[in-house]
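I opened this model to look up its cores first, then the overall dimensions. My entries follow.

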Amino acid sequence: MKQFILILAVLIGGAFGVEAQVLRIVNARCDYLAQPSGVDHQNPSLSWEIQAFEKNIRQTAFRVLVADDSLLLAEDKANVWDSKQINSGENNQVRYGGPALKSTQKYYWKVKVWDNKGNESAYSKIANWRMGLLRVADWKEAKWIAYDVLPDSNRYVPLMHGNGKKAWGKRPDVLPLFRKDIPVKKEVTAATIFISGLGHFELSINGAKVGDHFLDPGWTQYSKQAQYVTFDITDQLRQGTNALGVMLGNGFYYIPGERYRKLTGAYGYPKMMARILIEYADGSEENIVSNASWKTVPSPVYFSSIYGGEDYDANRERRGWNKMGYNDDAWKPAVETNGPSLLQAQMAAPLKVMERFEPVRKTRLSNGTWVYDLGQNFSGIPSIALLGKKGDTVRIIPSELINEDSSANQKGSGGLHAYTYILKGDGVEKWQPRFTYYGFRYLQVEGAVPESEKAKSSLPVIKSIKGLHIRNAAVATGSFKNSNELFNKTNQLIQWAIKSNMVSVFTDCPHREKLGWLEQTHLMGSSVQYNFDVAALNRKMIKDMQQAQYADGRIPEIAPEFTHFEAPFDESPEWGSAAVILPWYNYRWYGDKQSLVEAYDMMKGYVSYLEKKAANHILSHGLGDWYDIGPNRPGVAQLTPLGVTATAIYFYDISIMEKVARLLKKDADARFYKTLGAAVKKAFNDQFFNAATKQYATGSQTSNAIALYTGVVEEQYRDDVLNNLIADIRQRNNALTAGDIGYRYVLRVLEQAGRSDVIYDMNNRSDAPGYGYQIAHGATALTESWQAYPSVSNNHFMLGHLMEWFYSGLCGIGQAANSVAFRQLEIRPQPVGDITSAKANYKSVNGLISVSWTKVKGVFDLKVSIPPNTSATVYFPAEYKKEPVKIGSGAYNFSLK
């Protein structure tokens, strides 16, 4: 009987628990991030997700509490800001509305919501953010410090494209160590460091690395701005003397004149600046800042280049240099110097080691060198463990491809990029580079042998070797799988190109250039956002463009603009238009209205620049449909006149500006853009449209597709132009010709017209240049050319547009035309070809959206799940002749015959 009563009590308690959890708040974020440090503006944006156990749940109100003490907040007391109950369904980008926030202060917050069915949630778990340094004075007179100061005569900015002048020579520099002893005499409640090191830094306390970041801080236009990084170091400080150590690398700040370099030049020698804030239990504070009291000495890294690799001499190590009790009397005082005047917090996710690859095979070359195959082309660094004698030298050469004799091939990725390690001879030595990286699959090791060969050689023994994949640590948001194995492999192919080029900017490739070519941010943007939460990274890249904009409004093709390219690589509308399109997309994807507010002047300035550049509203400069498939080797557009893509994108910019102006209540601007857009549309059609053939310009796939997508086609001709696009594809036996600019638009207009069957036929093949062709030729990451040429990059970002279709077309996850942040969804799955099943998940800012379907013996089963605070219209494949269904949040099953 007692057992029965106990079970009954558990069941009743469980029932009450379920009732109490009918509405729950999860994933509380500040400025896109969980528990961010370094927030350096006065109005952080707060967001949260809702979990509900009923269908059709919408938030109707919320209440936010903010306090400067977590114990107060635990008692529901808000001594900083109590929003009170606000009748609103907004759960994303809710702006903090309390009194002015204080630099370095930690704030705690939580939120509760009410829904449309009368439910009231409990408060969310307590979250927090720490403020950064809002004013220059908040650095507490910290100084930029260096080992040495570069003379102005040796400062080469902007960096020079190529090797630079022979007269400059190799220009080696000292990669320094810095150390400072920090006495801690009282109980510490919190300790925070704000630090910038240029080009990159690695920080340690008492011999242990702080954090797990790689290549901090992110790249910026150093002549104007740099980023600082905030770390909580409370747990690493102890009472007594603590040793703080910093190692610096060159990055893009200083590029030596040795080995391979896409660019060369110097902003200055490596330097750093830091403020350490220690908060004690008695309520007092202490600040320790970088200045001439710090000590410095050359590090064991005797060569480092973002392009050329890194060399390390273990015999130059200073054992215990970053630990307590080290005698630094022989070190020299740091030199106080100058650095970028504007320092902003690094708020995008940092780079980290995200995966590790072990060799799948090894090959001995005729000269005794060994080549290890890691099985995957990726961005990263090698990690090696060696056993040998003092002075033994081992060199590692990474490569994407190998030559016929199995040796490393860097012809298409930039060579020489190499890593050198000189052993100190005191047992097994483990090493990996700190301040550079490369794109590679193979590691050629010279001067060492595998463990199995040690009896036959006097060379050092390779105890282990692996590849460490580094990328931006943005949270993964998506997954896709279907019954077509080629499409699954294509998804992975594109995924690796995204991961390999997602650093502190979106690079074109992880080896030869490492530059932020801007067309990728909008053309590949949707593919990326289905896979990763890049809201904060987008904001960083928008700032990069603002810093790169010229006084006349021009936006270069790369940002940061480390070098000034010559035409046509200096400025092209399809690239520069990222200044308009990316802020708009970031608003559509993530609800980030603030990015539009902050970027509006840049956007307006760029469209004004294009307006002045146009001749009778037509633009005809730039790169056009880069790397399309024509009669010649790929490069500048071959099949599509430059004016078509440039002017169509210009019109698209104007149409976005009209929408943004209306959104921001700039009515006069909106009227101006409406008038300008009409004039550009007329000029475009007068110049390029053939009314007799219903073709644009040459009738290329890109010409017709971009006209359709951007909206310059008059409504009465849209079907004709679409049919001409499809006819061109069919006449080529379903082969693609569009390049970097055009192919996304080919896919978008076909999907929007319900013609995913054409997309399937174009891409479900390996016999013509395209994704399957690349895979058939051994690619494990997306290649620069559709033809997978070995002479160019084999890990490139720009052609991965099919990934967007996997999510939005094949599985049908999209949003309505006027929806923001995936609040109003449209689910439009398009089963095609022999595909019998497909599934995609996308973690939007409101929560998880999931769509899966199977098609077996004519029966179409569809499962849809959408998060609270959203709604959806489900559209079914036309063959089933079922009207669309409107649904609220929850999970739904549909079965059609």
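**Cores**

I looked up the largest nonpolar core and found 205 residues, with Trp 48, Trp 109, Trp 129, Phe 252 and Leu 750 having the most contacts inside it. A nonpolar core here is a set of buried Ala, Val, Leu, Ile, Met, Phe, Trp, Tyr and Cys residues joined through side-chain atoms within 4.5 Å. Buried means under 20% relative accessible area, exposed over 50%, and partly exposed in between (1.4 Å probe, protein chains only). Helix α10 (residues 642-663) gives the most to this core, twelve residues. I noted a second, separate core of 34 residues, which includes Trp 321, Phe 378, Val 394 and Tyr 438.

**Basis**

The model is predicted: local features need pLDDT of at least 70, side-chain atom pairs count only at pLDDT 80 or more, and totals for chains, interfaces and linings use all residues. Residues are numbered from 1 along each chain as its sequence is written, and side-chain values use heavy atoms, with hydrogens and water left out.

**Leu 750**

Leaving aside neighbours within four places in sequence, I listed the contacts (heavy atoms within 4.5 Å) of Leu 750; among them are Leu 722, Leu 725, Ile 729, Arg 755 and Met 762.

**Whole chain**

I read off 17 helices and 49 strands for the protein chain; these are DSSP runs (helices H or I, at least four residues; strands E, at least two), numbered from the N terminus. Of the 897 residues, 61% count as buried. The C-alpha atoms fill a box of roughly 80 × 80 × 65 Å along the principal axes.
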